[in-house]
Amino acid sequence: MEARTVVNEKFFIVIRGKSRKGFSRGCIGRVEAETQRGELVGLLYCGGSSSGSPKSGGIVRREDTYPLTRHQAQLLLFVSSVSRRLELLCNPQLFTAICELSQDDLVVVKHKKGHLPALVKNLMQIGRKENKDDLHMLGFEVEYVDSDHSLSSKKPAPLPLFSAADIIQVVPSNSVPLGQHWRDGQCGDLNRKVVTRINSMPNIRSRGQQAIENHTEQSVTQSQGPSTSHVPLEMGSMVEVVSNSGITVYGVIRWLGVLGGKTNEWAGIELDYEVNGCSDGKYGSQRYFTCKGNRALFVPVTKCSPDSRFVSSTTRRETPKSTETPPVPPFEDSEEDVPPIPESEALSLLVGRMKGIQGHVNSCYLDATLFSLFSSSVTLDNICKKPADTEQPITCTLRKIVNRLRRQGFVPAESVMNFRKQLGCDTFRTEEKDPEEFITVLCQKVLCIEPLLKLRSRGETSQGAYTFQIFLEKEQMAQMPTVQQLLDTSCMSCDLKFEEMPSCLMVQMPRFGNKYKMFSHIIPSTELDITDLLYNSPRECFVCGHLAEHECLQCLPDRKLQPGRIKQYCTTCNTQVHTHPSRQGHSPKALAVPAEVPADAPVHRHMMQLFAVLCIQTSHYVSFVKYGADPHSWLFFDCMADRCGDDQSGYNIPEIRACPELGDFLSQSEEELARANPSQAPELVRRLLCDSYMFLYQNPATLLSESSPQQP
């Protein structure tokens, strides 16, 4: 194998995929050469508790790696856990801030006692460099800051050493209180043989102190005490709570809402450390969020105050965020299609800020739809597989977006804007749209596939459609219906049947944008049974289970016959049911029964699985996506969760959050779901129940057949 030598020193980390030799996911290497096929030949570094000596060489595909600077590689080498390395890498804003730390910068570190504020004192080299290929690991010496904003006065002791993954927050310079000064710390003799202090960290004033001195004296307003009453509290706010005994605990708000039996707004707080008597995110028997045991505290929101460890004793000022777009990982597309993100890799690759698809100029309808259809599902992949040389330019653009999402977990707004420009109508790149309009264009023009649904009404030929719109009268349904009930009732009311089992079924709820919705809350059906909605397919009698020959629309809402379920009967049961005085006016219709099916033959149930939900609130679309088989494997995606800067010079920050509490909610029985109080559900669950716009289902049988290995 011929390879060309790489002169400049380049480092990388393997982020996904399987290599032919040597490297695995999370490994750090140095490029030695490149093959003619574009693969990287490199040295493998172990890191962790070991020295930074290369273990062996190996080969890895370039697209399965992420480039690192020497400094970044040294910091990640000291992180022994591969999963923690990747988790840190998946938070580019935090990792960039850690790489730029200076002496006396304020950080929050993860400690066995909880999350503690500390000052960075030194950057430390770990390991001996015995040959030219060795790579020192880097860690940080820090000095803890007491909660009263003074450094501990205890006898100087060796400063603790932390890896980059132990730093969970870098406090921006503008957050350092004005007028506050840190006492210069003194370091004792560490007497460590393989840990040495280096001069790469500037021994200068901290960025916080520089920010202080940049303010004029006139801009500083003295205050007798902290003024935090005007600071709004929201999801993610760092807060403190003082108990009746005077003990202060610190944490992050994970839930806001009204608890069952309460009238005022309460906060669910994930504490920095365990406290006896606290829960893991449950209040009573209801789960509101998920965290480690003994760390969830629920209190009235009026009892919460901003974390005083990071609040100035003087009046706080709003400092504009930097509007410089954060670095985007480079991406080189290959001809090979990237498979959906495996369940085992989804959280480390996707969860965090600047994850998913970045929103821009009314793109939320498109971003949420693409993420739902392509991040973890192969449904449309299986439908539209075509030779690469037959693809249209717009199809190639979409494939690059999907590959980038699945490989790197992030797609910048520029890539999606190029796709929007190719859709043929200027309104797709400037105006708000609804997902069903985009889905139709996506399937027809981009993927060039036939309608996903073939619908037949009685006595007419079949008609094609890409999505299914629910039509019914509100009086036909309960106050909080399920998707199954809505679909059954809509098909019966409109006299519609599916001519064949669809591979993908996208069900649009009876609402129109954000202006009108028929039901305040809708319960998701994790499985959709369409057996009784298939044309000319065997169905079983609702009463006795034998082959059905009649169905009755008027029996659908009958409260004595399980309302909301389709009613079909064999000839005997049809006669008996309709002898009741309340049903004598019904008009049951005969079914087309296949002649070859025995009357007592068991009927195979045709089920579809929920894999995503699109929601809308105040003209903004978000999505919930099922990323694996585990009931708790749910993600929440918002392409515009936050914004940095103004409309002219800023950018949107997409965010993906794990949502296991949705799995807890949906695991309840049908009876429990019918009795559920949405106002007491966790915040994200409540949002899905209230704002659902379209439910996306896939045929598991199609997935299995497509994923099975091909026989030679």
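Glu270 forms a salt bridge with Arg254, the closest N and O atoms being 2.9 Å apart; the term stands for a side-chain nitrogen of Lys or Arg within 4 Å of a carboxyl oxygen of Asp or Glu. Glu270 lies in strand E15 (residues 266-271) and Arg254 in strand E14 (residues 248-257), so the pair ties together parts that are 16 residues apart in sequence. Strands (E, at least two residues) and helices (H or I, at least four) are DSSP runs, numbered from the N terminus. Arg254 has a relative accessibility of 37% and counts as partly exposed. On this scale, buried is under 20% relative accessible area, exposed is over 50%, and partly exposed is in between (1.4 Å probe, protein chains only).

This is a predicted model, in which local features need pLDDT of at least 70 and side-chain atom pairs count only at pLDDT 80 or more, while totals for chains, interfaces and linings use all residues. Residues are numbered from 1 along each chain as its sequence is written, and side-chain values use heavy atoms, with hydrogens and water left out.

## Strand E3 and its neighbours

Let us turn to E3. Seven of the eight residues of strand E3 (residues 28-35) are buried, so the rest of the structure largely encloses this strand. E3 pairs with strand E2 (residues 11-14) in the antiparallel sense over three bridges, where pairing requires that DSSP finds at least two bridges between the strands. Strand E4 (residues 39-45) also pairs with E3 in the antiparallel sense, over six bridges. E3 and E4 form a hairpin with three residues between them, and Gly38 in the turn has a positive phi of about 85°.

Arg30 in E3 is the bridge partner of Phe11, and Leu43 in E4 is the bridge partner of Arg30. Arg30 also forms a salt bridge with Glu9, with the closest N and O atoms 3.9 Å apart. The two partners come from distant parts of the chain, 21 residues apart: Glu9 is in the loop between strand E1 (3-5) and E2, and Arg30 is in strand E3. Arg30 counts as buried at 9% relative accessibility, whereas Glu9 counts as partly exposed at 45%.

## Strand E8 and its neighbours

Strand E8 (residues 114-126) is mostly covered, with 11 of its 13 residues buried. Strand E7 (residues 106-111) pairs with E8 in the antiparallel sense over six bridges. A hairpin joins E7 to E8 through two residues, and His111 stands opposite Gly114 in E8. E8 is also joined to strand E9 (residues 137-144) by eight bridges, and these two strands run antiparallel. Tyr144 in E9 is the bridge partner of Ala118.

A salt bridge is found here as well: Lys121 and Asp104 have their closest N and O atoms 2.6 Å apart. This pair links distant parts of the chain, 17 residues apart, with Lys121 in strand E8 and Asp104 in the loop between helix H3 (92-99) and E7. Lys121 counts as buried at 7% relative accessibility, and Asp104 counts as buried at 13%.

## Two packed helices

Two packed helices are described by the angle between their axes and the distance between the axes. Helix H8 (residues 393-408) and helix H10 (residues 435-446) pack at an angle of about 120°, with their axes 10 Å apart. Here axes are lines fitted to C-alpha atoms, for helices over the stretch in contact, and angles run from 0 to 180 degrees between N-to-C directions. That angle makes H8 oblique to H10; angles under 35 degrees count as roughly parallel, over 145 as roughly antiparallel, 65 to 115 as roughly perpendicular and the rest as oblique.

At the contact (heavy atoms within 4.5 Å), Ile394, Thr395 and Leu398 in H8 meet Leu442, Lys445 and Val446 in H10. The residues of this contact divide into four nonpolar, one polar and one charged. Ala, Val, Leu, Ile, Met, Phe, Trp, Tyr, Cys and Pro count as nonpolar, Asp, Glu, Lys and Arg as charged, and the others, Gly among them, as polar.

Three strands form an open sheet in the order E32-E31-E33, with antiparallel pairing. Strand E32 (568-569) and strand E33 (589-590) stand at the edges, each with a single partner strand, so one side of each is left without a neighbour in the sheet. Strand E31 (residues 550-551) pairs with E32 over two bridges, and Glu551 stands opposite Gln568 in E32.
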